[in-house]
Number of protein chains: 4
Amino acid sequence: MPWKTAITRIEPGQIRLRGYDITELMGRLSFAETVFLTLKGERPKPAEARMMEALLISSVDHGATPPSSQAARLILSGGNPLNAAVAAGVLTIGDSHGGAIEQCAQVLQERAAQAGNVDEIATRLVEELRAEKKRLAGYGHRLHQVDPRSTRLYKLASEVGFGGRHMELARAVENALEAITGRALPLNVDGAIAAVISDMGFDWQLGKGFFIIARAVGLVAHAFEEWSREKPMRRFIVDDSEYDGPADRSL
Amino acid sequence: MPWKTAITRIEPGQIRLRGYDITELMGRLSFAETVFLTLKGERPKPAEARMMEALLISSVDHGATPPSSQAARLILSGGNPLNAAVAAGVLTIGDSHGGAIEQCAQVLQERAAQAGNVDEIATRLVEELRAEKKRLAGYGHRLHQVDPRSTRLYKLASEVGFGGRHMELARAVENALEAITGRALPLNVDGAIAAVISDMGFDWQLGKGFFIIARAVGLVAHAFEEWSREKPMRRFIVDDSEYDGPADRSL
Amino acid sequence: MPWKTAITRIEPGQIRLRGYDITELMGRLSFAETVFLTLKGERPKPAEARMMEALLISSVDHGATPPSSQAARLILSGGNPLNAAVAAGVLTIGDSHGGAIEQCAQVLQERAAQAGNVDEIATRLVEELRAEKKRLAGYGHRLHQVDPRSTRLYKLASEVGFGGRHMELARAVENALEAITGRALPLNVDGAIAAVISDMGFDWQLGKGFFIIARAVGLVAHAFEEWSREKPMRRFIVDDSEYDGPADRSL
Amino acid sequence: MPWKTAITRIEPGQIRLRGYDITELMGRLSFAETVFLTLKGERPKPAEARMMEALLISSVDHGATPPSSQAARLILSGGNPLNAAVAAGVLTIGDSHGGAIEQCAQVLQERAAQAGNVDEIATRLVEELRAEKKRLAGYGHRLHQVDPRSTRLYKLASEVGFGGRHMELARAVENALEAITGRALPLNVDGAIAAVISDMGFDWQLGKGFFIIARAVGLVAHAFEEWSREKPMRRFIVDDSEYDGPADRSL
């Protein structure tokens with residue numbers, strides 16, 4: 001019994017992506033619109049298309065420090081091809097790196113489905129988290145006190161007329177966090193993306209996918225830069241480990 | 001001694017990609033233009049931007065049969081997260097799958113640098129390959145007699161006024177192949193992309209990078225579809241292997 | 001502040017693994033004993049050493065059908081080096097493939113820590129699982145009605161005088177499963193390994209590690225066989241997918 | 001048409017590895033002997049078995065600094081499972097890390113096949129390399145002036161009566177390097193393994209495979225230690241990069 005796929009239909013001389021001839025899309029849609037179409041099955045509305053471009057740009061790169069950039073450079077430095085380096089970078093994008101999108105989107109989608117206004121829902125959520133001493137993914141950032149990318153995504157949404165209950169709830173949670181804990185913990189880019197894709201109707205389980213698609217660009221750039229500027233097996237990692245296992249001994 | 005990177009500069013509250021504030025790019029550039037900026041260090045000209053959109057769309061997906069789609073589904077089916085599945089797909093994009101872009105771009109860039117008109121260069125190349133009984137990457141396709149994506153990329157280039165010596169040479173080689181061998185071996189999408197990125201001034205060693213960035217989209221879609229529609233460890237692979245090792249024996 | 005590692009201490013002219021000079025281990029310990037030493041920090045007792053050899057042998061390979069073998073061959077077939085192929089195979093070893101060891105070891109370790117004899121514990125466990133309609137990892141096998149490898153591990157344990165409460169509990173659960181459900185669901189090799197490593201005192205979270213170390217051998221063999229016997233990009237996967245997405249349409 | 005595999009034959013209730021019932025191997029062979037059997041198709045002779053144990057032990061781990069250990073820890077630290085961490089470590093084992101085994105084995109196998117005594121062949125090789133200003137893989141080590149592992153492998157070989165033309169040639173090359181260049185560049189562990197597996201009759205293309213099988217053990221230990229001792233996303237990598245791209249600019 002054959003298994004089913006609803007993504008692409010291939011036959012000699014023809015490639016149909018979600019029903020559309022790929023050669024018709026080429027030159028007519030943008031790449032970001034095609035990302036939307038591929039993942040959702042339908043074309044984005046104009047405001048969605050604008051948001052998708054910005055959302056993907058927001059996550060293209062964050063310099064040489066994130067573990068994914070380091071992993072891509074390490075694997076290339078070990079004497080491997082570009083695809084292996086980028087694969088290692090993508091592999092690094094786990095629950096603790098980029099995973100906040102899906103974790104935050106899950107919470108937003110579950111809570112936005114509840115009755116009541118977003119401020120009430122937000123207050124209830126923050127109080128619950130506080131009682132359970134849990135952190136909420138998508139808020140706060142190691143480096144950026146206010147994440148400029150989430151600010152920009154919200155501003156753009158208001159310019160193009162995009163956004164709904166999930167984006168509102170994400171902001172309401174930010175306010176509730178400050179009101180209840182007395183400490184600002186602003187929405188970061190992962191949280192903003194979570195809110196935007198939720199308002200676009202994407203399943204939260206796809207959250208990491210948007211980050212992967214965007215960051216693949218930066219990973220290719222890092223791997224290529226490593227290849228073109230550095231020697232193999234360089235020591236770009238300063239080993240700072242100290243042995244604390246068994247003292248010297250014999251069999 | 002610190003090592004250097006020229007991709008992104010990060011400081012609290014600011015992310016500058018190739019010198020540009022990433023929040024300025026969001027809403028002003030398209031994602032595909034940002035791919036160009038990230039990999040090249042400069043923004044594309046309008047015709048380059050149009051080509052970059054189409055080029056990336058052309059490689060987004062090719063159905064469930066390519067080894068990269070299969071690998072992504074296999075790894076997901078083994079009980080792994082989305083990032084591991086996409087990483088496995090990217091890892092599969094080796095010299096024999098997607099690698100034709102860099103192989104063809106290398107030839108085009110080396111030959112286009114030679115003196116003389118493209119027809120002479122093409123004829124010389126094809127005769128050399130014939131004498132050495134070598135295949136030229138970027139020509140011919142398992143499934144598509146004429147690859148509709150390369151046709152579309154050339155047509156779009158002529159519409160937007162893009163293209164130079166590498167695209168001309170790629171066509172000249174196609175003609176020389178038919179004239180000399182008597183057999184049509186049309187430029188495929190890998191070959192067309194190789195020609196386009198060469199005319200954009202990209203190093204051929206980045207060839208696989210464009211394919212990886214584009215195909216990451218399809219891989220996310222396949223992994224997500226596998227997750228949402230199929231059971232773990234399903235037998236979507238029909239094992240067709242036959243044992244021909246040593247017969248039964250004992251120690 | 002340096003971070004700590006207790007595995008290996010390196011200095012010029014010397015490599016000390018868990019305190020032992022590696023050149024003293026070479027020629028004195030077996031490879032399997034060194035696996036035990038590396039993971040546990042101490043040398044195995046003789047009976048443990050015998051079990052470790054057999055346990056690792058039991059999982060070396062299971063032919064060309066498991067997803068990990070397929071993934072290794074696929075990635076090699078895409079034109080990638082041996083290390084990338086084996087990496088893809090290892091990546092495949094997820095919760096649904098090889099993951100039963102850690103899942104079963106977790107249950108055995110949690111339940112064996114309870115007061116009472118193993119038959120009572122086993123009965124309670126099976127009744128709980130039945131009420132929750134849950135499957136227990138480590139029991140039953142797609143292909144082997146009785147898994148010959150678990151039988152052999154138990155027989156060897158009795159020969160060399162190895163085994164304790166976890167191995168007893170694992171058998172008691174097998175009996176309880178049949179007694180309560182009326183259907184035989186014999187302990188498979190994953191379950192037997194789970195019981196053995198639990199009696200060796202390993203944390204269940206290391207469960208997948210033993211499978212990975214053993215299967216790496218088979219994966220190297222499959223990747224090498226693919227490289228030496230097959231053409232790149234061969235169709236060893238029979239695509240059996242059927243498109244059921246949107247019908248043909250235009251923008 | 002089915003494809004062929006000569007590794008393992010599977011049928012209900014039976015697993016035959018290279019013809020042997022796997023349950024017969026369990027308890028009778030050692031794991032290292034089974035590695036030999038799996039890769040070669042035949043059991044090792046006693047001296048070969050002793051060498052295989054030592055050879056695999058020699059490469060089990062080299063502390064926290066090699067890129068493969070770092071990659072395994074990085075990927076785990078990103079919030080990924082053990083298999084993904086080990087896969088990333090294996091992926092790192094490329095031409096510049098562990099690749100010396102296959103590179104050196106290739107040279108030894110090609111040169112040992114030449115007529116003449118090993119000293120003449122060695123002298124010719126070193127002079128050729130000198131003229132081409134090429135390094136020979138398998139000689140010299142970043143950290144160890146004399147690699148204690150290669151010394152041990154040679155000593156063990158003489159104890160157990162193992163070794164032939166490849167091991168002799170490897171030593172002769174060491175002598176020729178010092179005699180001709182006036183600088184000691186002793187055989188390292190990769191070079192010694194290359195010589196040993198060549199005398200065992202393994203194809204040089206399998207070189208990386210032995211290293212992967214051995215190092216998988218250390219990688220599991222590093223990944224598990226990272227998981228059990230460290231917090232996710234820790235900064236064990238000291239980023240020492242400096243931005244030297246375009247200065248701040250606007251669209």
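## An exposed lysine and a buried arginine

D:Lys133 is exposed, with a relative accessible area of 78% (exposed means over 50% relative accessible area, buried under 20%, and partly exposed in between, using a 1.4 Å probe and protein chains only). In this predicted model, D:Lys133 sits in the loop that runs between α7 (118-131) and α8 (148-160) of chain D. Helices here are DSSP runs of H or I with at least four residues, strands are runs of E with at least two, and both are numbered from the N terminus. The backbone of D:Lys133 has a positive phi of about 50°, although this residue is not a glycine.

A:Arg18 also has a positive phi of about 50° without being a glycine. Its place is the loop between β3 (14-17) and β4 (20-21) of chain A. A:Arg18 counts as buried because its relative accessibility is 11%.

## Ground rules for reading the model

Residues are numbered from 1 along each chain as its sequence is written, while chains are lettered from A and ligands numbered from 1 in the order in which they are written. The model is predicted, so local features need pLDDT of at least 70 and side-chain atom pairs count only at pLDDT 80 or more, whereas totals for chains, interfaces and linings use all residues; side-chain values use heavy atoms, with hydrogens and water left out.

## Chain A as a whole

Chain A holds eleven helices and five strands. Its C-alpha trace spans about 70 × 60 × 45 Å along the principal axes. Of the 251 residues in chain A, 64% are buried. Among contacts in chain A (heavy atoms within 4.5 Å) with a separation of 6 or more, 72% come from residues 24 or more positions apart.

## Where chain A meets chain B

This contact draws 77 residues from chain A and 76 residues from chain B. About 6,600 Å² is buried between the two chains, with carbon and sulfur atoms giving 74% of that area. Buried area is the accessible area (1.4 Å probe) that two parts lose on being put together, summed over both. On the chain A side, the residues that lose the most area to chain B are A:Trp3, A:Met26 and A:Phe31, together 13% of what that side buries.

How many salt bridges are there between chain A and chain B? The count is zero, taking a salt bridge as a side-chain nitrogen of Lys or Arg within 4 Å of a carboxyl oxygen of Asp or Glu. Helix α11 (residues 207-229) of chain A gives the most to the side that touches chain B, with 14 residues.

## A glycine in helix α11 of chain B

B:Gly207 belongs to helix α11 (residues 207-229) of chain B. With a relative accessible area of 0%, B:Gly207 is buried. Leaving aside residues up to four places away in sequence, B:Gly207 touches B:Ile101, B:Glu102 and B:Ile197. The C-alpha atoms of B:Gly207 and B:Cys104 are separated by 8.9 Å, although the two residues are 103 residues apart along the chain.
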